[in-house]
Amino acid sequence: MKQSLNTQYETNIFKIENCSQLSADYFLYEIIGLKESKANDDADDDFDVNIQYIIKSLAYTLRHPVTVVTQENKPYLVIRADEEIINRVPVEYSVKHGDVVYFKKIDNPIKLDFTSYNEQTKKIILRFLQFDSQSELTKNQGLWQPGSGDGFFNVVAYEQTNPVGIYTGFYSRVVELPTKGFGFELDITKKYISLHSLNPRISRNEFKSNRVNKSHYVYQYGTTRYEIIPSELSDLTVSTYKFTRPIDGKVVTLLQDIQEKFGPSMPPEVANLPDDASVLVYRTNDGQERAAIAALCYKVYDTEDPIVQKIHHKSIIKPFPRRRLIRIIHNNFFGRLMYGKIKLQVSIEPLLVEKMKFQAPDLLFGNDVSLSVRKSENSLHTFLEDLGKRRKALLFDESAGFYTNAIFETQYFLVPQTIYNMFGNEKHFLGHLRTQVNKTHPTDDGWNPIVITYDNRNKRTSVAIGFEILQKMEEKIKKGSGGYALIMLPSGVEKSQRQHDDLAALVVSECLEEYSITASIMHSDFLEKCFLYSEANGQKGYVIKRESKGKYDGYVKGVAINQVLLNNERWPYVLNTPLNADLTIGIDVKKHIAGFTFIDKYSKNILTKFDKSKNKERLSEGQIIKMLVKYIAVQKNNSTTVLRTIVIHRDGKLFLVERNGIFRAVELLKEKGVLPSDVSVNIVEIPKHSILQLRLFEVLKQYDILNTQQDNDSVLNPEIGSWVKINEREACLCTTGREFVHNGSSNPLYIKFPYGNMEIEKILEDIYYLSCLAYTKPDDCSRYPLTIKITDRRINILGSDFDMEALDVLKTIHS
């Protein structure tokens, strides 16, 4: 591995050098009638939601930067002092659930200083600079933007692999610099868009079966492209759907409008558009209903889509080309940006930051075996680049093995009858899996699951398979009996990965609710590729293909760890270097499932709990109080350490109602004597998809970056554990890095620390330590700390959608 004596990393941030020349005046409008909270804990708290709605919808309506600040616990709307805009600010405004708020203008404008700012005015500066720079970039004819705040993309796909076009684009974010001041953070991105539009005459069945209302589409409206999410299929067609065109007030049909929009040089899909072509309905950011022509809508694929997974490797960008592309974007588009009448002077060279790095913690395995990159006493020593391989090896080493070791509760293995009759039985896969589990996690009784087979023949829908599994469970398992289950799902369920996800959601949820069984899911696809029916030397039976032997062995080990042992909350290894916090709690909510993970100072006591949530994305105050009061007390009883310092990791944005619940729960626990009176509570936000995409490059030598196209092995990813402090409340942390070899560029975690008094360095160090508990893939690194990873893993299954209506029909038929 190449090493460097450099003391700095290069970033992807380019400083705005003439902030002293920039200025703006703005008005404040008091927002009257915006409720901060409701008396009923079970009701949704709409304060945060309405703030974001006002910012987003009003900015869209005014075509003007809008934000909200708080002064003396009151929210104020910020509007630039532009007479044309001020005259269009409404006095009253409808928000969620039909509520109305009022905007009361504060008389005198306030001058904004771009060089001397505080936390409140910083927010306004960032908003103004971001909006104006985005507006400038939209003027470029060679770029298109799917939506406000999104990246900018080339108008032509750089590569086409039927049925997908791959578009290259870039994000541009105005950020505060660690050295104070502001700059542009530039990063490269890709977008996958179908080369083929929707069926011009799409039917209702197609609309539903293709889940059109769950997908994003790019709408080609003349020379303009933007992204929409269709909500429904209109009863009207392009020749009967009429609307009043805003630009001229003329009432036109969609067909007339689109033909005029394209003009005399129409593409064939417009020129040949039939009168009865289908119309999709969608809504704008301010909630207005709009219509789009299905024949001009092109599906946007995410990276999890099976179609994209085959070509995703083509979009993975290594540090050398990423650094070059960032410079090209900077060179092409950021030399002539304007802020009002002032040209922004954007630095040619990116910002350099001092190298700072955390050491990986010592890890403790079974039989008190410790692994250390610190050369600690009484430990096995290793190098950081070998840490993953050594972790995995120790798990399957009889002298070490899993740290957590206990007799198994009742275990079940549910398997398709056809698979069990072929190679899913004790003679083949089940036998191999049993041997591997018992070798990795030896106990007196061993892992001996009760086998339940279910009939999967002639069943191709997820509903039919799910119903069959549930019927077999009802026959064989007593309600509420508890235990753990490994459930194998058959291949060939419709042809959609989404159907597999839905089926997994149904089965796992029903296991938990009806039987108190914690279930994990595996699929039969990989096994079907590995086993071969052979008739060699007079012997008939299944054998593992010679070319699949190594992959099969690795797969069995993976199922043993992930689907059996982790599902049983058997932890492979724990920290032998303590966290700074006495108790760390991960919180997430997704699709009405709330997850909580509690981890003590050495990660020896890990508790995961799940609960239904009435809201898709945030928890109620009462639910936070219920879960924290109950399970912090449990952790206290299992700990020999006084819980003096608590850190809460929120996966994504922390809502005001959740913050209130956390602090109320802590007060209750202090009153009960569970927590000391001087307990320190610290809350961290760890968004998975941050608008901040900091990149760090280790540049070993200088070269002509714009004209050197071949990788000269002089640009490396940062070392794992590297970090950059933006300010006392924001930082970026490299939980991945060059010691764990991957294609592509390291993507540091953006960490926001809105509440608490711990030093941010200690907050970051704990997050890094918890990311070293890479349980699901011990030979690799984990981008997220265990508090987020383990919670998210279960929620992703429990929180998937499922067609309960179709299941209820089957239950009725067979009742």
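These are my notebook entries on a few spots I looked up in this structure, which is a predicted model.

**Entry 1: Ser370**

I began with Ser370, which sits in strand E26, residues 370–372. Is Ser370 buried or exposed? I found a relative accessible area of 3%, so Ser370 counts as buried. Next I looked at its side chain. A polar contact of 2.9 Å links the side chain of Ser370 to that of Ser379. Another, of 3.1 Å, links the side chains of Ser370 and Asn576. Setting aside residues up to four places away in sequence, I noted that Ser370 touches Asp362, Leu363, Leu364, Asn378, Ser379, Leu380 and Asn576.

**Entry 2: Asp582**

From there I went on to Asp582, in the loop between strand E34 (574–575) and strand E35 (583–590). Its relative accessible area is 9%, so I wrote Asp582 down as buried. Which backbone nitrogen lies 2.9 Å from a polar atom of the Asp582 side chain? I traced that nitrogen to Arg644. Arg644 also turns up in the list of residues that Asp582 touches, along with Ile599, Asp600, Lys601, Thr641, Val642, Leu643 and Thr645; residues up to four places away in sequence are not counted here.

**Entry 3: Ile407**

I found Ile407 in the loop between H9 and strand E28 (411–416). Apart from neighbours within four places in sequence, Ile407 is in contact with Thr443, Asp445 and Arg570. I also checked Ile407 against Val49: the two are 358 residues apart in sequence, and their C-alpha atoms are 47 Å apart in space.

**Entry 4: the cysteines**

A disulfide is a covalent bond between the sulfur atoms of two cysteines. How many disulfides does the count give? I got zero. Cys732 is in no disulfide, and the nearest cysteine sulfur, in Cys734, is 8.2 Å away. Cys732 is buried, because its relative accessible area is 3%.

At 6% relative accessibility, I put Cys772 down as buried.

**Entry 5: a cavity**

Rolling a probe the size of a water molecule over the atoms shows where empty space is left. I counted four cavities of 30 Å³ or more. Helix H9 (387–395) and helix H18 (760–771) each supply at least two of the lining residues. Sorted by class, this lining has seven nonpolar, three polar and two charged residues.

**Entry 6: a pocket**

Last, I turned to the second largest pocket, with about 400 Å³ of space. How many residues line this pocket? I noted 22, of which Glu10, Arg323, Arg327, Glu349 and Pro350 lie nearest its centre. Strand E1 (8–11), helix H8 (319–333) and strand E40 (696–699) each give at least two residues to the lining. The largest share, four residues, comes from H8. By class, I recorded eleven nonpolar, seven polar and four charged residues around this pocket.

Definitions and conventions
Residues numbered from 1 in each chain as written. Predicted model: local features only at pLDDT ≥ 70, side-chain atom pairs only at ≥ 80, totals over all residues. Heavy atoms only, no water. Buried < 20%, exposed > 50% of the residue type's maximum accessible area, 1.4 Å probe, protein only. Polar contact = N/O pair within 3.5 Å; in protein donor to acceptor, adjacent residues only side chain to side chain. Contact = heavy atoms within 4.5 Å. 1 Å grid on protein atoms, 1.4 Å probe; cavity = no way out; pocket = protein on both sides within 12 Å on 5 of 7 lines; lining within 4 Å. Points joined across faces, edges and corners; volume = space filled by probe spheres on them. Nonpolar A, V, L, I, M, F, W, Y, C, P; charged D, E, K, R; others polar. Disulfide = S-S within 2.5 Å.
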